[in-house]
Amino acid sequence: MDKLIVAESIPLRGQLTDDDYILLMDLTPFATSVEGHNHIASKIPCTKEALPEVTIFAGVAPDLKSLDLGKAINNGTLNGKSLDLSDEGKSCLYHTDLPNGITDIGLINTSNRTLDFDIGGYSVTVSIHGTAVQHLTANETAK
């Protein structure tokens, strides 16, 4: 059985107009397949209320769904000292799991304005365990 393991950090650069998107990853002919081993960490623009200004989506194109990024992660530590991982109104850190059976991952600007990714060190890190699509059952790729 063909397997795929990917861990990729994707720096976000340039400008993204409202409702435009960036395709972050196309895994075809593979799809996510190991429950609990597919994950996204993202440092992305956020509002003062810590809400993401972009939406990360996943699925099998053209059937895509937005992911629930959860709440911004604020409190971290570095060498035992407190480290704020989110700066509301500028950038926030989010973690979310990816469902099984997806082949495509992207990011769409939902902020109602043009975003400038060149200021802020924005990035998306994706960790994937996948299996070749022909080895998955039909309901694993139809979720």
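Colleague: Which side chain does the side chain of S111 make a polar contact with?

Modeller: That of N109, at 2.7 Å. Keep in mind that this is a predicted model.

Colleague: Where does S111 lie?

Modeller: In the loop between β11 (104-109) and β12 (115-116).

Colleague: Is S111 buried or exposed?

Modeller: Buried. Its relative accessible area is 15%, and the cut-off for buried is under 20%.

Colleague: What lies 2.9 Å from a polar atom of the S111 side chain?

Modeller: The backbone oxygen of R113.

Colleague: And which residues does S111 touch, not counting those up to four places away in sequence?

Modeller: D18 and E53.

Colleague: New topic. How many disulfides does a search of the whole structure find?

Modeller: One. C46 pairs with C92, and their sulfur atoms are 2.1 Å apart. The two cysteines sit in distant parts of the chain, 46 residues apart. C46 is in the loop between β5 and β6, while C92 is in strand β10 (residues 91-97).

Colleague: Why is the disulfide right-handed?

Modeller: Because the torsion about the S-S bond of C46 and C92 is about 60 degrees.

Colleague: Are C46 and C92 buried or exposed?

Modeller: Both are buried.

Colleague: What about A50? Where does A50 lie?

Modeller: In the loop between β5 (39-45) and β6 (54-60). A50 counts as buried because its relative accessibility is 16%.

Colleague: Which residues is A50 in contact with, leaving aside neighbours within four places in sequence?

Modeller: A72, E88, C92 and Y94.

Colleague: How far apart are A50 and G89 in space?

Modeller: 6.9 Å, C-alpha to C-alpha. In sequence they are 39 residues apart.

How values were computed: Residues numbered from 1 in each chain as written. Predicted model: local features only at pLDDT ≥ 70, side-chain atom pairs only at ≥ 80, totals over all residues. Heavy atoms only, no water. Helix = DSSP H or I, 4+ residues; strand = E, 2+ residues; numbered from the N terminus. Buried < 20%, exposed > 50% of the residue type's maximum accessible area, 1.4 Å probe, protein only. Contact = heavy atoms within 4.5 Å. Disulfide = S-S within 2.5 Å. Polar contact = N/O pair within 3.5 Å; in protein donor to acceptor, adjacent residues only side chain to side chain.
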